[in-house]
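Please read the following report alongside the sequence and the 3D structure.

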Amino acid sequence: MAGVDDPDERDARFLRRSFEVARRAMTHGNHPFGAVLVDGSGNVLLEAENGYMPLHDGTAHAERLLATKACTTLDAATLRQATMYSSAEPCAMCAGAIYWAGIGRLVYGLSEHRLGQLTGNHPENPTLNLPCREVFASGQRPTEVVGPLLEDEAAALHEGVWRK
């Protein structure tokens, strides 16, 4: 039986928190994406929801916003030991931001491939076909990646969102 400190249970718990942040983003008129940054001891450091509205900012992805706040408010040692939990696999832009911020680990719910199936060719989310692992693999320092995880739960956040 998994205990409180079980890594899989911990990942599931914080990933579900990113889903809560994604739901909150929708209540603010944004797309259902959320991200949570947790330190090596299991303390939540930051949360960010998608910020597309009101400016229609296509770069205001939850992961990019969180990475920017993280690297401007936290020290490098903390970031190396931190995990970002993301409701969906970070796009190439967000993976780059995670890399440049120095965040050491990523756990995501919905894969980019499945997100693309859900969004189709929606003009507000022209999903890239570039997995985050490929972005991280091209870097000079490692970024551990776990995902997709709880993918059906993550996909449920997008039900009915991307219909024109």
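## Loops and backbone

Leu-150 sits in the loop between β5 and α7; helices (H or I, at least four residues) and strands (E, at least two) are DSSP runs, numbered from the N terminus. This is a predicted model, in which local features need pLDDT of at least 70, side-chain atom pairs count only at pLDDT 80 or more, and totals for chains, interfaces and linings use all residues. Residues are numbered from 1 along each chain as its sequence is written, and side-chain values use heavy atoms, with hydrogens and water left out.

Although Leu-150 is not a glycine, its phi is positive, at about 55°. Leu-150 is partly exposed, with a relative accessible area of 23%; buried means under 20% relative accessible area, exposed over 50%, and partly exposed in between (1.4 Å probe, protein chains only). The loop between β5 (144–146) and α7 also holds Pro-148, and the peptide bond from Gly-147 to Pro-148 is cis, with omega near 0°.

The loop between β2 and α2 contains Pro-54 and His-56. The peptide bond from Met-53 to Pro-54 is cis, with omega near 10°. His-56, a residue other than glycine, has a positive phi near 60° and is partly exposed at a relative accessible area of 46%.

| Site | Angle |
|---|---|
| Met-53 to Pro-54 | omega near 10° |
| Gly-147 to Pro-148 | omega near 0° |
| His-56 | phi near 60° |
| Leu-150 | phi about 55° |
| Gly-29 | phi about 80° |

## The whole chain

The protein chain has 7 helices and 5 strands, and their order along the sequence is α-β-β-α-α-β-α-β-α-α-β-α. Along the principal axes, the C-alpha trace spans about 45 × 35 × 30 Å. The radius of gyration of the protein chain is 15 Å, which agrees with the value near 15 Å for a compact globule of 164 residues. That radius is taken over C-alpha atoms, and the globule rule is 2.2 Å times the number of residues to the power 0.38.

Of the 164 residues, 46% are buried. Among contacts with a separation of 6 or more, 62% are between residues 24 or more positions apart; contact means heavy atoms within 4.5 Å.

## Helix α1

With 21 residues, α1 reaches 31 Å from its first C-alpha to its last, close to the 30 Å expected at 1.5 Å a residue. The expected span is 1.5 Å times one less than the number of residues in the helix. At the start of α1, a side-chain oxygen of Asp-6 comes to within 3.1 Å of the backbone nitrogen of Asp-8. Just after α1, Gly-29 has a positive phi of about 80°.

Which residues of α1 are buried? They are Asp-11, Ala-12, Phe-14, Leu-15, Ser-18, Phe-19, Val-21, Ala-22 and Ala-25. The elements that these buried residues pack against are β1, β2 (44–49), β3 (83–88), β4 (105–110) and α7 (151–156).

Pro-32 is in the loop between α1 (7–27) and β1 (34–38). Pro-32 counts as buried because its relative accessibility is 0%. The C-alpha atoms of Pro-32 and Phe-19 are separated by 8.2 Å, and the two residues are 13 residues apart along the chain. Not counting residues up to four places away in sequence, Pro-32 touches Ala-22, Met-26, Ser-87, Leu-157, His-158, Val-161 and Trp-162.

Val-38 is in strand β1 and is buried, with a relative accessible area of 1%. Its C-alpha atom is 6.4 Å from that of Met-84, 46 residues apart along the chain. With residues up to four places away in sequence not counted, Val-38 touches Arg-10, Phe-14, Asn-43, Val-44, Leu-45, Ala-82, Thr-83 and Tyr-85.

Arg-64 is in helix α2 (residues 62–73). Leaving out residues up to four places away in sequence, Arg-64 touches Asp-57, Thr-59, Met-93, Cys-94 and Ala-97.

Methods:
Polar contact = N/O pair within 3.5 Å; in protein donor to acceptor, adjacent residues only side chain to side chain.
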